[in-house]
Amino acid sequence: MLSELMNFFRACFRPRSDRYIHTGSDAGGRQDGLLWYKDSGQHLNGDFSMAVVQANNLLEDQSQFESGSLSLNETGPFGTFIGVYDGHGGPETSRYVNNHLFQHLKRFTAEQQSMSVDVIRKAYQATEDGFMSLVTKQWPLKPQIAAVGSCCLVGVVCNGTLYIANLGDSRAVLGRVMKATGEVLAIQLSAEHNVCIESVRQELHSLHPEDPQIVVLKHNVWRVKGLIQISRSIGDVYLKKAEFNREPLYAKFRLREPFKKPILSAEPTISVHPLQPHDQFIIFASDGLWEHLTNQEAVDMVQNHPHSGSARRLIKAALQEAAKKREMRYSDLKKIDRGVRRHFHDDITVIVVFLDSNLVSRASSVKSPSISVRGGGINLPHNTLAPLTTPMEAGST
Amino acid sequence: MTSAKKLLKLAKKWQRLANMKRKRISFPRATRNPGESCNTPSVVADKGHFVVYTADQRRFVLPLEYLNKEIFKELFRMSEEEFGLPRNGAITLPCDAVSMEYVVAMIQQKVAKDLEKALVMSISNGCYSSSSYLPPDLPNKQILICSF
């Protein structure tokens with residue numbers, strides 16, 4: 001009896017594995033401690049800047065930047081694709097999205113021979129279906145995968161048009177210069193699905209009129225079923241199919257009453273924006289940035305500094321703000337190791353896409369060299385669920 | 001294998017030790033509601049330190065190295081369970097100032113691993129009443145052995 005208890009604590013106190021450090025998957029980025037960055041790169045419609053800071057033991061934020069053909073066909077259409085995937089409960093879903101969503105999008109673009117809202121919607125649906133199959137397959141051995149999910153923010157620039165699709169609470173903000181004053185205006189392009197927003201709570205109440213407890217205040221924060229702050233995501237299948245909301249899933253994730261229809265949705269909100277010559281740049285970032293910086297602060301910071309290093313500069317500003325809130329120095333905050341660091345700030349991903357109006361107006365049939373960059377981080381060598389499986393880790397992997 | 005009796009003895013030894021040490025520990029104090037907005041000017045910790053508040057709202061300024069101690073990792077984990085992750089304010093740990101002084105005394109004394117584990121158990125038992133934190137396959141009655 002006691003030995004079991006001791007084993008439990010031993011499992012909690014697993015040794016550090018930092019000696020297995022390796023850098024992000026694709027070339028071009030640099031790793032400096034828990035910060036990964038690519039200060040500058042060129043894409044079809046201008047240049048870009050990208051940075052990621054890790055707080056979780058396993059990086060839950062995943063991201064990608066793609067420029068070139070948006071179709072499986074070499075003939076295009078050509079454009080730029082940006083993806084920010086903020087995972088929760090573990091890195092599995094965000095990694096899955098990072099590996100599959102863009103491929104699905106290319107397949108549907110090839111089928112329809114053009115970019116459209118429908119192509120993006122189908123790519124999201126195929127990704128959700130694919131992950132659902134993966135969970136079904138892994139459930140018998142790794143039931144906790146049912147409680148892993150990811151936000152999913154996508155931007156596509158193609159043929160002078162910007163498409164923004166979102167699930168969850170990452171955010172895309174456009175910087176538009178006002179002709180009269182020369183000031184830059186912050187325009188939020190993405191809809192958010194976080195129940196801290198009253199309209200999102202109302203939407204849930206209208207979808208689930210039979211359940212007055214669909215959204216509850218817990219720890220002073222609104223949560224769907226007292227569990228999760230977002231109402232839409234990829235994954236989180238324990239809140240989508242009742243068959244995954246049972247043992248051996250941890251008790252804290254199990255609902256008292258079985259549900260008949262999905263509680264969370266995977267239907268993205270998609271908007272289409274014809275780009276204008278004074279649209280200067282778009283900031284794509286996970287909520288880790290936006291909890292410390294306002295849209296206008298972020299846009300001003302990008303506008304008032306050189307393009308190169310923009311993403312890293314935004315992350316630095318957010319960390320300085322986080323340090324202030326935690327009543328400590330920024331230089332000390334940076335010394336805190338991944339894992340415990342999640343109590344000081346979240347994983348943060350930032351991609352700043354600068355738009356060159358001459359290039360944006362160019363037809364989408366103009367061929368260009370393709371670019372593919374993935375946001376990096378430090379990972380353990382094996383694919384573990386963290387932190388959910390901690391007590392059972394000895395039996396997994 | 002450690003027996004319950006031995007563990008209990010270790011914990012008692014540690015409590016004696018902590019009580020002795022307690023009188024000499026002092027911490028910078030600042031009265032502040034941990035839930036309040038960060039817009040109010042607050043004291044920034046000295047270089048190489050971080051700040052936590054206990055549930056009874058005492059402010060502790062502690063060396064960064066403490067973040068690598070298993071006991072603190074456990075307290076942070078419990079804090080997340082109890083209060084969620086901090087958003088706009090400082091970090092609050094789910095134990096009172098007396099327990100925190102014990103923890104600090106223990107770290108200063110460089111006590112043995114066994115004792116540290118006993119302390120983790122006593123704190124998680126004392127501060128966190130729900131058993132949902134433990135894996136579901138662990139019967140609740142096992143927790144009783146550490147309620148000293």
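Predicted model: local features only at pLDDT ≥ 70, side-chain atom pairs only at ≥ 80, totals over all residues.
## Chain A overall

Chain A holds 9 helices and 17 strands. The chain has 397 residues, and 59% of them count as buried. The accessible surface of chain A is about 15900 Å². Carbon and sulfur atoms account for 50% of that surface.

Take the contacts between residues at least 6 apart: 71% of them join residues at least 24 apart.

## The sheet of chain B

Chain B contains an open sheet of 3 strands, in the order β2-β1-β3 and with mixed pairing. Strands β2 (59–63) and β3 (91–93) of chain B form the edges, each pairing on one side only. From one strand to the next, the twist averages 45°.

Strand β1 of chain B spans residues 49–54 and pairs with β3(B) in the parallel sense. The pairing runs over 3 bridges. Within this sheet, Y53(B) stands opposite T92(B), a residue of β3(B).

Two helices lie across the strands. Helix α2 of chain B, residues 70–83, lies across β1, β2 and β3 of chain B, at about 100° to β3(B). Helix α3 of chain B, residues 97–108, also lies across β1, β2 and β3 of chain B. Its direction is at about 15° to β2(B).

## Nonpolar cores

Nonpolar side chains tend to be buried together in soluble globular proteins. Here the largest nonpolar core has 58 residues. The residues with the most contacts inside this core are I283(A), V350(A), F50(B), F72(B) and F76(B). The list includes residues of chain A and of chain B. Helix α7 of chain A, residues 310–325, gives the most to this core, with 8 residues.

I283(A) has contacts in several parts of chain A. Leaving out residues up to four places away in sequence, I283(A) touches R171(A), A172(A) and V173(A), among others. Its partners also include W290(A), A298(A), V299(A), V302(A) and L314(A). V350(A), I351(A) and V352(A) are on the list too.

## Cysteines

The count of disulfides over all chains is 0. For C151(A), the closest cysteine sulfur is in C152(A), at 8.7 Å, which is too far for a bond because a disulfide needs sulfur atoms within 2.5 Å. C151(A) is buried, with a relative accessible area of 2%.

C196(A) is in no disulfide either. Its nearest cysteine sulfur is that of C151(A), 12 Å away. C196(A) has 52% relative accessibility, so it counts as exposed, the cut-off being over 50%.

## Around R201(A)

R201(A) is part of helix α4 of chain A, residues 198–207. R201(A) has a relative accessible area of 15%, so it counts as buried, the cut-off being under 20%.

Leaving out residues up to four places away in sequence, R201(A) touches V195(A), C196(A), V215(A) and W222(A). V224(A) is 23 residues from R201(A) along the chain, and the two C-alpha atoms are separated by 8.6 Å.

## Local backbone

One runs from G76(A) to P77(A), with omega near 15°. P77(A) sits in the loop between β4 (61–69) and β5 (78–88) of chain A. The other runs from E247(A) to P248(A), with omega near 5°. P248(A) lies in the loop between β13 (234–235) and β14 (269–274) of chain A.

H219(A) has a phi of about 55°. This residue is in the loop between β11 (215–218) and β12 (221–224) of chain A. H219(A) is partly exposed, at 26% relative accessible area.

In chain B, Q57(B) has a phi near 65°, again positive in a residue other than glycine. Q57(B) belongs to the loop between β1 and β2 of chain B. Q57(B) is partly exposed, with a relative accessible area of 39%.

Definitions and conventions: Residues numbered from 1 in each chain as written. Chains lettered and ligands numbered in written order. Heavy atoms only, no water. Helix = DSSP H or I, 4+ residues; strand = E, 2+ residues; numbered from the N terminus. Buried < 20%, exposed > 50% of the residue type's maximum accessible area, 1.4 Å probe, protein only. Contact = heavy atoms within 4.5 Å. Areas by Shrake-Rupley, 256 points an atom, 1.4 Å probe, with all protein chains shown as cover. Pairing = 2+ DSSP bridges. Axes fitted to C-alpha atoms, helices over the stretch in contact; angles between N-to-C directions. Core = buried A, V, L, I, M, F, W, Y, C linked by side-chain atoms within 4.5 Å.
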